[in-house]
Amino acid sequence: MEYNVSLIFSADMGITVNADSPEEAAEIAYSSDQATPSLCHQCANDVNLGDCVRVIVYDSDDNEVLDDGFERNQITGLSARIAELEQLAKEMAEGIEREQRIIPSVHFERLLSRYREVCGGGKSPQSIG
Ligand SMILES: [Zn+2]
């Protein structure tokens, strides 16, 4: 069996910008031409280059003053969002389970079994979390 594999590299490019704050420096850097670099014709045959996804700003003494860790921040934000949605799903599943005891329905059963599949590993809502 033959597979096509993408090798994902990390790369960086240093530029100098004039700004009033590290945040402004980061903004200027993101909107600069260097944030969307290009490769020579020969290299472009083998390598695809994406847009800038993170900046680290250093002051003139080479001290790091800002690292926006774009991907890391996104992951942190998404993790919080997932936890929030899991909590909401749990509360909804508990409500559906209460309704199911009063008015049993195939639709409720399907929702509850889907909830257990995705969030609960087969447990009922009350025994989770
Ligand atoms: Zn080249």
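Tutor: Strand E1 (residues 56–58) and strand E2 (residues 64–67) run antiparallel and are joined by 3 bridges. Two strands are said to pair if DSSP finds at least two bridges between them. Strands (E, at least two residues) and helices (H or I, at least four) are DSSP runs, numbered from the N terminus. The model is a predicted one, in which local features need pLDDT of at least 70 and side-chain atom pairs count only at pLDDT 80 or more, while totals for chains, interfaces and linings use all residues. Residue numbers start from 1 along each chain as its sequence is written.

Within the pair, Ile56 has Asp67 of E2 as its bridge partner. The two strands form a hairpin, with 5 residues between them. Asp62 is located in this loop between E1 and E2. Its phi is near 75 degrees, a positive value in a residue other than glycine. Asp62 has 6 other C-beta atoms within 10 Å and is therefore exposed. The cut-offs are as follows: a residue is buried if 20 or more other C-beta atoms lie within 10 Å of its own, exposed if 12 or fewer, and partly exposed in between, with C-beta atoms placed from the backbone.

The C-alpha atoms of Ala25 and Ile56 are 9.8 Å apart, although 31 residues separate the two in sequence. Ala25 is buried, because 21 other C-beta atoms lie within 10 Å. Leaving aside residues up to four places away in sequence, Ala25 touches Val17, Ala19 and Val57; contact here requires C-beta atoms, placed from the backbone, within 7 Å.

The segment before H1 (22–31) includes Asn18 and Gly14. Asn18 has 7 other C-beta atoms within 10 Å, so that residue is exposed. From Asn18 to Ala29 the sequence separation is 11 residues, and the C-alpha atoms are 9.9 Å apart. Gly14, with 8 C-beta neighbours inside 10 Å, likewise counts as exposed. Gly14 and Arg101 are 87 residues apart in sequence, with 64 Å between their C-alpha atoms.

Of the 33 residues of H3, the number buried is 1, so the helix lies largely in the open.

For the chain as a whole, the elements run α-α-β-β-α-α from the N terminus, giving 4 helices and 2 strands. The domain assignment, whose bounds come from an automatic or database source, places domain 1 at 22–68 and domain 2 at 82–120. Taken over C-alpha atoms, the centres of these domains are 46 Å apart. The radius of gyration is 24 Å, whereas a compact globule of 129 residues would have one near 14 Å; the radius is taken over C-alpha atoms, and the globule rule is 2.2 Å times the number of residues to the power 0.38. Along its principal axes the C-alpha trace spans about 70 × 50 × 20 Å. Of the 129 residues, 5% count as buried.

Note on methods:
Contact = placed C-beta atoms within 7 Å.
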